[in-house]
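Biologist: Please take me through one part of this model in detail, and give the cut-offs as you go. I would like a single connected account.

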Amino acid sequence: MADHSTHGFTRRSFIKGAAALTAAGALVGCSPQTKNLEETDAKQEAPETQIFSGVCRGNCAGGCFLNVHVRDGQVVRTSMREMPDPQYNRICMKGLSHPHRIYSDERLKYPLRRSGERGADEWERISWDEALDEIAEKWNGYVKEFGPASVGLFTGSGNYGLVNGMSTGGVTSRFLAASGIAYLNQTVDAAANFATSRLLGMGYYSTGNEPADMMNAKTILIWGANPAISQIQNMHFLMEARDNGTKLIAIDPMFSQTAARCDEWVPVKPGTDGALALGMMSYIVEQGWQDLDFLREHSVAACLVKESDGKFLRQADLDGSQPSADDAKNAATSLVMGKDGTPGLVGEVADPELEGSFEVEGIKVSTAYQLLLDRIAEYPVSKAAEISGVSEDLIKDVAEQYARNTPASIYTFFGLDHYWNGHWSQGCVGTLAILTGNVGKAGAFCGFQECLGSGLGNAVLASPEGAPGQAAKYNAPFLTKAFDEGEYAGQPFNLKMAMFSHTNAVTNMADRNDTLSWMNRCEFLVGADMLMTDTMRYCDIVLPVAHWFEKEDVFVSYATHPFALLQEKAIEPAFESRADIDIFNDLADRVGCGDLFKITTEEYIEQVFQTKQAQAMGADLATLREKKAVRQAGKEGEAYVYGEGGVFATTSKLAELYVENPVGSNPYTEGWDLAKEHLAYWEPALQVGDEARRETYPIQLLSEHSRFRTHTQWFEATMLKEIDTEPFIKLSPADAATYGIATGDRVRAYNELGSVVLTAQINPGLPEGMATCPKGWEAKEFIEGSFTELFTKEGNPFCSNQAYFDCTVAIEKL
């Protein structure tokens with residue numbers, strides 16, 4: 001059969017690449033065998049090896065800087081590349097396995113058109129022109145007949161490159177803005193960002209200090225995070241801090257790999273973290289350990305809140321006028337109470353009252369701090385202990401260490417986020433940090449370090465001048481409801497076409513069956529991916545996307561290091577795969593937004609550095625091309641600190657422990673009780689906290705991260721699957737005994753939404769009533785069913801979010 005060559009890549013050269021891997025010893029299980037081999041007359045010279053800079057840029061928060069080793073146009077291995085600051089040198093087994101991704105038989109090779117039923121995996125090969133023309137014909141027809149909101153773009157976190165991915169200011173944002181279609185929002189990992197941005201001005205991806213700063217902390221609470229597994233590149237910073245005398249305390253329902261390496265473990269009941277934080281605050285206030293100076297100078301604690309409407313008191317209220325729209329959103333324009341009983345503007349009263357209720361010209365007001373104290377008083381330590389399962393003595397001990405052994409940090413990730421009550425729990429934890437002044441200084445932060453500052457994302461790139469912007473925003477968990485009712489949040493709804501880019505929605509979204517339900521109600525589905533995933537199997541047209549090393553890019557965000565990194569193009573795209581930006585450029589021409597959208601890779605990279613932020617840091621393209629890495633946050637020898645000096649990214653520049661104008665991310669919030677949103681608040685989780693439900697479904701099924709995958713990526717890496725052979729359900733010894741289950745038994749987990757069959761393992765670190773299963777496995781990899789069938793799509797009525805951990809099931813031995 002003749003070779004089919006595209007972009008210099010052929011079937012023969014693909015096989016040649018695999019052979020080169022074998023020769024390099026890169027393929028596990030392919031060590032050289034010498035039996036029955038004949039000697040050759042002469043040794044052949046090894047081909048020259050070229051080394052390119054590369055970046056591993058899924059959504060694991062690593063952002064590892066790699067050497068990409070190339071021989072004869074094929075990647076033969078990867079290795080760690082030196083960072084400008086060697087403490088950020090890093091690589092893991094996933095980074096080492098990239099050749100197995102590039103040369104996987106799961107690679108999409110050509111554009112495909114579905115020829116059977118959706119999901120049947122029956123396809124016909126078509127050309128790029130045929131694929132893009134058909135997509136454009138459908139697209140343009142729907143937009144003409146039903147409007148731009150009839151076409152939607154669904155994106156995920158499959159590639160955090162800037163030119164070809166989901167990074168801040170990235171290509172998908174630009175295409176969405178230029179095309180003017182609907183944004184299909186996955187609402188993943190949203191609660192913690194929602195809560196923290198209200199308090200500190202940025203999502204908690206960005207409110208952590210640079211990892212090197214953890215050495216400056218005297219106490220670190222690792223709360224709802226398992227960095228030993230999920231953020232392995234951060235773990236050495238934590239261990240070095242511990243060796244330096246930092247007290248590490250893990251707050252986690254299970255005795256995790258991280259908890260085993262900490263000085264203390266706090267076994268909190270799942271979903272009760274907010275109550276625990278409120279109890280800690282209650283004890284801290286009782287003992288007088290709160291940081292009153294910080295509260296007075298760097299927070300809204302002294303701001304006066306009107307009893308009548310929960311808004312801050314402003315001079316306009318006393319004048320009988322209306323504050324301007326800008327003032328009404330800015331806490332810095334509110335009034336505080338002086339010691340002499342005279343109100344004055346924030347920042348203009350030297351020593352304002354923090355506590356108390358007052359009457360100002362007939363208007364009843366209280367300080368925001370007084371309202372917080374009233375809320376905290378509802379959770380004495382005894383009540384917090386009863387709810388959280390943590391003893392009173394342990395609550396007091398942890399509270400004292402956090403409040404007094406300072407500076408102290410709260411290192412938190414998705415352990416709190418993934419519950420129905422996630423934004424409340426995260427809000428309580430953030431308020432605890434503000435109460436004690438443990439933010440905005442070296443050694444003190446609350447959040448995570450995945451986006452240090454705002455990176456080098458250029459907003460102009462993401463939304464070119466004249467772009468119409470997205471026609472609508474549809475939160476994915478409500479799409480079935482919208483199809484049923486013909487409207488979304490009171491507006492007409494007529495979604496006809498969806499395009500999936502950088503995502504595997506079917507496998508990653510909660511309630512797999514619901515996701516398939518709304519997808520199948522779309523008339524036309526388009527997917528773009530490197531691999532044939534579960535999502536691609538349900539599309540009508542599938543487009544093959546190039547691997548990260550097959551295209552040039554810049555990596556600027558979603559990594560726990562402070563550097564922008566250059567991805568050089570190391571090899572040509574395999575088969576007929578194409579770079580994302582090239583796909584979007586060609587599609588933009590066909591759907592009428594080419595003039596707004598079209599941009600080359602070179603132009604994109606050049607414009608990244610045409611910002612004041614880049615210039616202030618001395619970051620430029622010439623330096624990046626020369627050194628392959630430039631610092632984009634902090635300074636050499638001086639770790640970046642978020643909110644340094646107590647100046648935060650809120651409108652007021654203050655830590656806003658009282659949220660004056662809470663706005664929900666859930667479109668169906670009419671009539672919601674905003675008293676739950678102004679201040680730290682907690683109520684039980686949806687399923688995990690429902691005692692009546694747990695009579696029927698007694699086991700919490702928790703989705704855990706794996707060392708071997710980032711979400712669903714790397715499922716095709718055969719090297720890793722030799723180690724990580726199948727998805728297991730892990731049970732506590734107590735539950736295993738109750739159900740008569742031993743390691744190796746088959747177990748069915750089920751609830752009203754679906755079921756899955758897995759092989760059992762016993763994990764003594766799990767509490768009774770909790771089981772875990774690793775996320776990221778495709779349906780075909782389970783014995784029967786699928787893990788994500790079991791998760792509810794029901795989100796909090798105020799904050800849209802995927803509550804992956806808020807899931808209970810029954811189990812049975814098969």
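Modeller: The expected span of a helix is 1.5 Å times one less than its number of residues. Helices themselves are DSSP runs of H or I with at least four residues, numbered from the N terminus. The model is predicted, so local features need pLDDT of at least 70 and side-chain atom pairs count only at pLDDT 80 or more, while totals for chains, interfaces and linings use all residues. Residues are numbered from 1 along each chain as its sequence is written, and side-chain values use heavy atoms, with hydrogens and water left out.

I start with helix H14, residues 392–404. Its 13 residues reach 18 Å from the first C-alpha to the last, close to the expected 18 Å. Leu 394, Ile 395, Val 398, Ala 399, Gln 401, Tyr 402 and Ala 403 are buried in H14; buried means under 20% relative accessible area, with exposed over 50% and partly exposed in between, for a 1.4 Å probe and protein chains only. An α-helix has 3.6 residues a turn, so residues three or four places apart point the same way.

Three of those buried H14 residues, Ile 395, Val 398 and Ala 399, are touched by Met 280, where contact means heavy atoms within 4.5 Å. Leu 221, Trp 223 and Leu 432 are also touched by Met 280, leaving aside residues up to four places away in sequence.

In soluble globular proteins, nonpolar side chains tend to be buried together.

Leu 432, another contact of Met 280, belongs to helix H15, residues 422–435. H15 has 14 residues and covers 20 Å between its first and last C-alpha, close to the 20 Å expected. It is mostly covered, with 14 of its 14 residues buried. Just after H15, Gly 437 has a positive phi of about 70°.

How values were computed: Helix = DSSP H or I, 4+ residues; strand = E, 2+ residues; numbered from the N terminus.
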